Amino acid sequence: MSTPAITKEVIQFLDRLKKNNNREWFAAHKKEFKSIELDVKQFYGQLMDELNTHDEIEKLKMFRIYRDVRFSKDKSPYQHHFAGSFSRSGARLRGGYYLRIRPGGESFMACGFWQPEKEDLYRIRKELELDATEFRSVINEKRFKSAWGELQGEELKTAPKGFDKEHEDIDLLRKKGYIFTHEFSDKEVVSPSFFTEVSERFQVIRPFFDLMSDILTTNLNGESLLGK
């Protein structure tokens, strides 16, 4: 069985859509879009199957091509990318996977905790305030660092309320989210190795997910919060 792939036709169509982002052009090319969309959805579906060989995935969400322009200055009616997110199963497995395909070197994959709920963010910060040693050990591990680089996420300009601005781990405490990203060129996206590379990078994130899941399902004494 051949390895799933994103074809050059996908990138080329999205590039043309970017340059012709209007309802008339899209209507004239709707049949072509539907064929390409089906191929892309199959790619994401097979990626979900692959993720389930080393994780437990509850749901794949494919994002719609149609933009909500009601509150946007940009009135372009369509996204010029395909994107999907993979949710892990159950309350004990936290974190999520994301992959976007967009021409012009704007494709990327991401993992982690983007805009976590207030209670989750506070729990993470309290853990890091107590001891960030294990967290830093996980994200600085050689293979992890090679696959994902530096921790990303929006930051506060100062310490969050109730936290010491002079804390030795203030760089982590100021984070409003805890995510990792990796970008791809168009050439990399259409490469036969793209599927495997995405899967392997997702697999490397697991120690981070395991640690964060443990933090978010226990209190500061390490007692389980599940079932309460």
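Predicted model: local features only at pLDDT ≥ 70, side-chain atom pairs only at ≥ 80, totals over all residues.
A residue is termed buried when its relative accessible area is under 20%.

**Threonine 217**

Threonine 217 is found in the segment that follows helix H10 (206–216). Its relative accessibility is 9%, and therefore threonine 217 counts as buried. A polar atom of the threonine 217 side chain lies 2.7 Å from the backbone oxygen of serine 213. When neighbours within four places in sequence are left aside, the residues in contact with threonine 217 are Ala91, Arg92, Glu223, Ser224, Leu225 and Leu226.

**The sheet**

Five strands form an open sheet in the order E1-E2-E3-E4-E5, and their pairing is antiparallel. Strands E1 and E5 stand at the edges with a single partner strand each, so one side of each has no neighbour in the sheet. From one strand to the next, the twist averages 15 degrees.

| Strand | Residues |
|---|---|
| E1 | 57–62 |
| E3 | 96–101 |
| E4 | 107–113 |
| E5 | 178–184 |

Strands E4 and E5 run antiparallel and are joined by 7 bridges. Phenylalanine 108 stands opposite glutamate 183, a residue of E5.

**A helix across the sheet**

Helix H9, made up of residues 194–204, lies across strands E3, E4 and E5. The direction of helix H9 is at about 165 degrees to that of E5.

Notes. Residues numbered from 1 in each chain as written. Heavy atoms only, no water. Pairing = 2+ DSSP bridges. Helix = DSSP H or I, 4+ residues; strand = E, 2+ residues; numbered from the N terminus. Axes fitted to C-alpha atoms, helices over the stretch in contact; angles between N-to-C directions. Contact = heavy atoms within 4.5 Å. Buried < 20%, exposed > 50% of the residue type's maximum accessible area, 1.4 Å probe, protein only. Polar contact = N/O pair within 3.5 Å; in protein donor to acceptor, adjacent residues only side chain to side chain.
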